[in-house]
Amino acid sequence: MSSTAAAAASGFVVFLLSVQVIQGQNGWAVTYTSTEICAVKGSTVNIGCSYTYPPTTGAQYNRLKDRIWFTKMNGNVPVDLRKISNRVQYSYYINNCTLTIRDLRESDSAVYKFRFTTNQLPGYTGLTGVTLSVTEPDLQVQVRSTWPKLKCHSRCVLPARHSYVWFRNERKIWKETSYSYSSDIDPADSYSCAIKQHERWRSPPVYAPKLPSVSVSPSAEIVEGSSVTLTCSSDANPAATYTWYKNNGNLYHHPQRQESQLVFSSIQSSDSGEYDCTAENELGWRTSNYISINVKYAPKLPSVSVSPSAEIVEGSSVTLTCSSDANPAATYTWYKKNQTLHHGEKDIYHFTSISSEDRGTYFCKSQNQHGQINSSSLFLDVQYAPKLPSVSVRPSAEMMEGSSVNLTCSSDAKPAAKYTWYKEDEDSPKALGPIFAITDIRAEQSGNYYCEAENKRGRHNSTLQLIIVSRSMKSVAAGSITAIFLAIIFVLAFLFIKRKRSSKQTPEPRQRPGGNAQANMGAVYDIPPAPRQTTPSEQQDDLCYANVSFSKNQEDPLYSNVRLNQPNRHREEEEDEDDVEYSVVNFKSAGAATESIQEEPAEDSSVLYSTVLKKPRV
């Protein structure tokens with residue numbers, strides 16, 4: 001059995017490079033089969049080389065004297081490995097040389113060089129040497145996309161002739177001895193490998209991702225505009241890649257390989273929702289449970305709507321709705337212009353039976369602890385039937401025949417009302433529009449007129465009475481009034497004379513209480529003084545005259561002032577024998593100054609004289 005075969009029986013040999021390296025000149029050379037070797041701790045390694053030298057040097061033949069392997073120098077002299085360790089062995093075949101090291105230890109890691117000497121040359125050494133690295137097996141199971149799916153791999157190249165052991169869920173699979181695993185793969189299982197007889201240096205297991213967990217940072221309340229990070233973690237070998245999903249399976253984000261975080265540098269309200277992630281490698285995949293992200297934010301711009309959206313009629317039910325996206329839910333305040341109507345959690349303002357007074361501009365305010373905002377304005381237009389019309393007439397004074405009259409009608413209505421004028425007991429309209437103009441009006445046009453205001457929501461009417469006075473009727477009325485006044489005057493004069501005769505002594509003049517007050521027809525009476533005592537002869541000749549004057553304008557209202565002439569005391573004795581008293585009645589127009597009626601009878605035909613003969617006193 002060769003030395004290489006013997007080494008293989010006790011362990012295994014690992015070669016990293018198999019490229020020959022020739023070092024030498026003029027026929028002197030050392031060739032290494034590799035410059036770097038990685039070997040597993042506890043195993044056996046073979047380091048090979050070949051050497052050449054010229055047959056002669058000058059006239060002398062070259063004869064080989066000594067061959068050694070070394071890693072250290074004692075001064076300028078190499079130290080033979082056989083003097084340092086009993087685990088090494090040299091073997092030669094023609095010009096080939098092999099160094100075998102058994103039961104490798106990490107301390108065996110070094111640069112190994114071969115040196116030979118001849119009778120002509122004290123020694124020749126390859127310059128580079130072979131670097132040996134001794135490590136634990138450092139096995140890994142490679143997961144491949146092609147078949148076979150699993151392969152036992154080490155950073156040190158392992159010869160294929162060595163046997164392997166495969167494990168599933170920590171249990172040995174006896175039938176598998178190849179460096180590759182050819183059976184079916186179950187994502188729920190884990191797999192590992194080792195070199196036979198070196199099972200203590202088993203590879204780390206490979207397995208599909210475990211159930212991922214999702215965390216959020218910060219863990220406190222999340223406010224719009226803040227930075228938020230979601231982290232998905234799953235135990236997996238090989239390492240997993242991650243895919244993020246939002247709201248029941250909608251693909252949200254596909255990060256780069258092995259990226260497990262989803263970062264919101266400025267989170268928005270639209271980012272609220274439920275998130276989960278999927279961890280995946282070559283052996284399988286698993287999906288995490290959901291995590292809920294609830295982003296708090298101030299109310300967005302509210303929208304205001306009205307129901308019904310068609311025309312709004314007085315008396316109907318109407319609802320205003322204020323809608324605003326906010327988290328937490330907003331409270332709402334309703335305003336009409338700047339007047340607060342309602343405040344509370346409900347977003348509606350309801351009119352059970354809307355009226356025309358509810359017509360106007362409305363808006364709402366949406367508010368929570370993160371802010372507030374007002375909606376745009378909404379104009380609420382309420383349609384209603386005409387209200388009771390207001391009717392008027394101009395001029396408002398007494399209307400005479402031949403004058404012009406305007407009848408006016410107005411009513412609050414939405415939409416605006418149309419107006420029609422009617423005369424009582426007549427079906428046909430007299431006029432259209434709010435103003436009914438009548439020119440050259442006649443007495444027969446007196447009567448009740450009514451105005452009807454109408455729109456598509458209803459109608460309403462009001463009535464006024466129109467009285468026209470004819471000029472002839474007014475003259476008759478004035479004459480009648482005059483006759484009544486004359487009768488009153490004669491009665492007063494008669495009462496005055498009778499009282500005077502019954503009086504025996506004339507008292508001082510005094511005014512009747514309320515003597516300046518107006519009578520029903522505008523007459524003012526001054527109480528006549530008591531007559532003085534006279535002799536029988538004087539009483540027989542005692543005469544009283546009444547002077548009555550009428551205003552020429554009989555159409556004006558009549559006023560009267562009735563006074564009794566009172567003789568002065570210093571004239572009493574002079575007039576004892578012919579004692580005459582006069583009664584003056586003066587009629588004048590309203591507003592005119594009082595005129596003296598003591599005019600000559602011949603100058604005014606409207607002056608009426610009345611002479612009353614007093615009876616003798618008994």
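Let's start with one side chain: Lys172 counts as partly exposed, at 31% relative accessibility. Here, buried means under 20% relative accessible area, exposed means over 50%, and partly exposed is in between, using a 1.4 Å probe and protein chains only. Before going further, note that this is a predicted model, in which local features need pLDDT of at least 70, side-chain atom pairs count only at pLDDT 80 or more, and totals for chains, interfaces and linings use all residues. Residues are numbered from 1 along each chain as its sequence is written, and side-chain values use heavy atoms, with hydrogens and water left out.

Back to Lys172, which forms a salt bridge with Glu199, where the closest N and O atoms are 4.0 Å apart. Lys172 sits in strand β17 (residues 171–173) and Glu199 in the loop between β19 (190–195) and β20 (206–207), so the pair ties together parts that are 27 residues apart in sequence. Glu199 is partly exposed, with a relative accessible area of 26%. A salt bridge is a side-chain nitrogen of Lys or Arg within 4 Å of a carboxyl oxygen of Asp or Glu. Side chains of opposite charge can pair when their charged atoms come close. As for helices (H or I, at least four residues) and strands (E, at least two), they are DSSP runs, numbered from the N terminus.

Now for the whole picture. The protein has three helices and 54 strands. Of its 618 residues, 40% count as buried. Contact means heavy atoms within 4.5 Å, and among the protein's contacts with a separation of 6 or more, 63% come from residues 24 or more positions apart. The protein exposes about 35,000 Å², with carbon and sulfur atoms supplying 49% of that area. Accessible areas come from the Shrake-Rupley method with a 1.4 Å probe, and for residues only the protein chains shown count as cover.

How many salt bridges does a search of the whole structure find? There are 15 salt bridges. One of them pairs Asp108 with Arg87, the closest N and O atoms being 3.0 Å apart. This pair links distant parts of the chain, 21 residues apart: Asp108 is in the loop between β10 (96–101) and β11 (110–118), and Arg87 is in the loop between β8 (77–80) and β9 (88–93). Asp108 counts as buried, at 10% relative accessibility, and Arg87 is buried too, with a relative accessible area of 12%.

Further along, Lys387 forms a salt bridge with Glu314, and here the closest N and O atoms are 3.2 Å apart. Lys387 lies in the loop between β40 (382–383) and β41 (390–394), while Glu314 lies in the loop between β32 (312–313) and β33 (318–323), so this pair ties together parts that are 73 residues apart in sequence. Lys387 counts as partly exposed at 28% relative accessibility, and Glu314 counts as partly exposed at 28%. There's also a network: salt bridges that share partners join Glu311, Lys456 and Arg457.

Arg457 turns up again with Asn455, whose side chain reaches the backbone nitrogen of Arg457 at 2.9 Å. That is a polar contact, meaning a pair of N or O atoms within 3.5 Å; within protein, one must be able to donate a hydrogen and the other to accept it, and residues adjacent in sequence count only if both atoms are side-chain atoms. Asn455 lies in strand β47 (residues 447–455) and is buried, with a relative accessible area of 10%. Leaving out residues up to four places away in sequence, Asn455 touches several others, including Tyr384, Pro386 and Lys414.

Next comes Ser324, in the loop between β33 and β34 (331–336). Is Ser324 buried or exposed? At 14% relative accessibility, Ser324 counts as buried. The side chain of Ser324 reaches the backbone oxygen of Lys300 at 2.8 Å, and also makes a polar contact with the side chain of Ser366 (3.2 Å). Not counting residues up to four places away in sequence, Ser324 touches Pro299, Lys300, Pro302, Tyr332 and Ser366.

Tyr332 leads us to His342: not counting residues up to four places away in sequence, His342 touches Tyr332, Thr333, Trp334, Ile348 and Tyr349. His342 is found in strand β35 (residues 339–344) and counts as partly exposed, at 26% relative accessibility.
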